[in-house]
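This report looks at salt bridges and helices in one protein model. Please have the sequence and the 3D view open while reading.

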Amino acid sequence: MPAIPQLRAWWAERPPAAGAAVMATGIISVGWHLTGYETLSRIALALAAVAWLALAADFVVRLVRERTRWAAEAGTPAGLTAVAATTVLGTRLSALGWQEVAEALLALSAVLCPVLLFVVVRHWKRRMPGGVFLVCVATQGLAVLGATLAAALGADWLAHTALVLFWLGIVLYAVAFAHFDIREVATGAGDQWVAGGALAISALAGAELVAAHHVNAYLWNDDDNGVLRAVTVALLVLDLAWYCVLVAAELVRPRLRYDARRWATVFPMGMTAAATLSVSTALDVDWLKGLGEVLLWISVAVWLVVAAGAVRSTAPR
């Protein structure tokens, strides 16, 4: 029983960045689905869904009862994890065949995204941590879910909308990079990894758009499809380069103490694995599959470490 007040106190102080835990768990589920570990994938999906429901309830309660606090938290880049987490969950549910639920989550994300983007961008500063890239992650999350549903439902208009969001996400990445404090690579508490994760989800969006073209050969013309494939490969290469830089920075200057922002490390790692696996399939590059599987299990190991740190942080002191 004493653990219950402790858990409530932890939940009350939970930063919006904890939404990255849903994103991280959801993308691990996607990765396991892509590699055929369906049972593990569904377990991770269940965990992500339960956490998402809790976060959604908390989001609504704070909006109704604590509007000042809600507005303050929504004004931070981490507030966009609400959109990103919803799109990741929707993408996995679509792969499970639950198209109606995925459509509802897409609609919810589409309503939330422009509102939160507007609020977040208004509070941008000159030098910001890695969470600044969540403007790209949220937008590309919509593109991924839209493209996934377009392929599943044969909705061409949804694919074209996802394509617009894909290009918008790339533009937002460039704008976010201009506001990113590059020193965060060496000093960040975990969310500096989103600099690479934003490129990973962009590559995943590109792969899903190419896959949608496989379903409907008349979706893009040859030139458009060629550009889309080239840009997708370039995004994945840049993401893998960021991955190497960020790993090197972690080795040179280890930051081993648990921080909730470490979930924003797990998500980019898992997203890089999922993007690599999806690009391998969409562009028929077989050797990328092995790399994607290795990256997936690395991200699973890091998920376990961060989850253990989260559990320890709730223990009475």
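A salt bridge is a side-chain nitrogen of Lys or Arg within 4 Å of a carboxyl oxygen of Asp or Glu. The model is predicted, so local features need pLDDT of at least 70 and side-chain atom pairs count only at pLDDT 80 or more, while totals for chains, interfaces and linings use all residues. Residues are numbered from 1 along each chain as its sequence is written, and side-chain values use heavy atoms, with hydrogens and water left out.

The structure holds six salt bridges.

| Pair | Closest N to O distance |
|---|---|
| Arg261 and Asp259 | 2.8 Å |

Buried means under 20% relative accessible area, exposed over 50%, and partly exposed in between (1.4 Å probe, protein chains only). Arg261 is partly exposed at 36%, and Asp259 is partly exposed at 22%. Glu250 is buried at 16%, as is Arg262 at 9%. Arg183 is partly exposed at 48%, whereas Asp181 is buried at 11%.

Helices (H or I, at least four residues) are DSSP runs, numbered from the N terminus. Helix 7 covers residues 134-153, and 17 of its 20 residues are buried. Gly154 follows helix 7 and has a positive phi, near 70°.

Helix 11 (residues 222-252) and helix 12 (residues 263-282) have axes that come within 11 Å and cross at roughly 150°. Axes are lines fitted to C-alpha atoms, for helices over the stretch in contact, with angles from 0 to 180 degrees between N-to-C directions.

Key. Helix = DSSP H or I, 4+ residues; strand = E, 2+ residues; numbered from the N terminus. Expected span 1.5 Å × (residues − 1).
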